[in-house]
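Subject: Structure handover

Hello,

Here is the structure I said I would pass on. Please open it first and then read the notes below it.

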Amino acid sequence: MIFEEREKRKRTTLSDMIYFYREQVKRLERIGMGNKTEFGTLVTEVLIECTKRRLYQLSNQKMELFRNGRHND
């Protein structure tokens with residue numbers, strides 16, 4: 001039983017991923033285009049748009065799961 005609970009907590013849920021991408025968009029916009037992240041990644045319009053697109057895809061996936069009644073997230 002304890003092992004199952006521990007394994008359950010390790011899983012990244014769809015909500016976790018949506019939260020991560022939402023925070024990434026905010027962070028990239030705060031850093032600003034033309035500047036670099038702490039890892040040396042150049043923030044570009046393409047990077048921000050790709051991150052937003054992935055956030056949109058994940059959000060739509062979650063909405064679809066709710067519509068189909070499979071929302072264990």
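F20 is found in helix 2; helices (H or I, at least four residues) and strands (E, at least two) are DSSP runs, numbered from the N terminus. F20 is partly exposed, with a relative accessible area of 45%. On this scale, buried means under 20% relative accessible area, exposed means over 50%, and partly exposed lies in between (1.4 Å probe, protein chains only). Along the sequence F20 and L55 are 35 residues apart, but in space their separation is 8.8 Å, C-alpha to C-alpha.

Before going on, note that this is a predicted model, in which local features need pLDDT of at least 70 and side-chain atom pairs count only at pLDDT 80 or more, while totals for chains, interfaces and linings use all residues. Residues are numbered from 1 along each chain as its sequence is written, and side-chain values use heavy atoms, with hydrogens and water left out.

Now the chain as a whole. There are three helices and zero strands in the chain, and the order of elements from the N terminus on is α-α-α. Of the 73 residues in the chain, 16% are buried. Contact means heavy atoms within 4.5 Å. Among contacts between residues at least 6 apart in sequence, 46% join residues at least 24 apart.

Next, the pair of helices. Helix 2 (residues 14-31) packs with helix 3 (residues 45-67) at an angle of about 155°, and their axes are 9 Å apart. That makes helix 2 roughly antiparallel to helix 3. The axes are lines fitted to C-alpha atoms, for helices over the stretch in contact, and angles run from 0 to 180 degrees between N-to-C directions. Angles under 35 degrees count as roughly parallel, over 145 as roughly antiparallel, 65 to 115 as roughly perpendicular and the rest as oblique.

Which residues make the contact between helix 2 and helix 3? On helix 2 they include L14, M17, Y21, V25 and L28, and on helix 3 they include L47, T51, L55, L58 and L65. The residues of this contact divide into 11 nonpolar, five polar and five charged. Here Ala, Val, Leu, Ile, Met, Phe, Trp, Tyr, Cys and Pro count as nonpolar, Asp, Glu, Lys and Arg as charged, and the others, Gly among them, as polar.

T51 has its place in helix 3 and is buried, with a relative accessible area of 10%. Not counting residues up to four places away in sequence, T51 touches Y21, Q24, V25 and L28. From T51 to L28 the C-alpha distance is 9.2 Å, and the two are 23 residues apart in sequence. A polar atom of the T51 side chain lies 2.8 Å from the backbone oxygen of L47.

Two other buried residues remain. R27 lies in helix 2 and has a relative accessible area of 19%. Leaving aside neighbours within four places in sequence, R27 is in contact with T37, E38 and F39. G32 lies in the loop between helix 2 and helix 3, and its relative accessible area is 15%, so G32 is buried. The C-alpha atoms of G32 and T44 are separated by 8.1 Å, with the two residues 12 apart along the chain.

Regards

Methods: A polar contact is a pair of N or O atoms within 3.5 Å; within protein, one must be able to donate a hydrogen and the other to accept it, and residues adjacent in sequence count only if both atoms are side-chain atoms.
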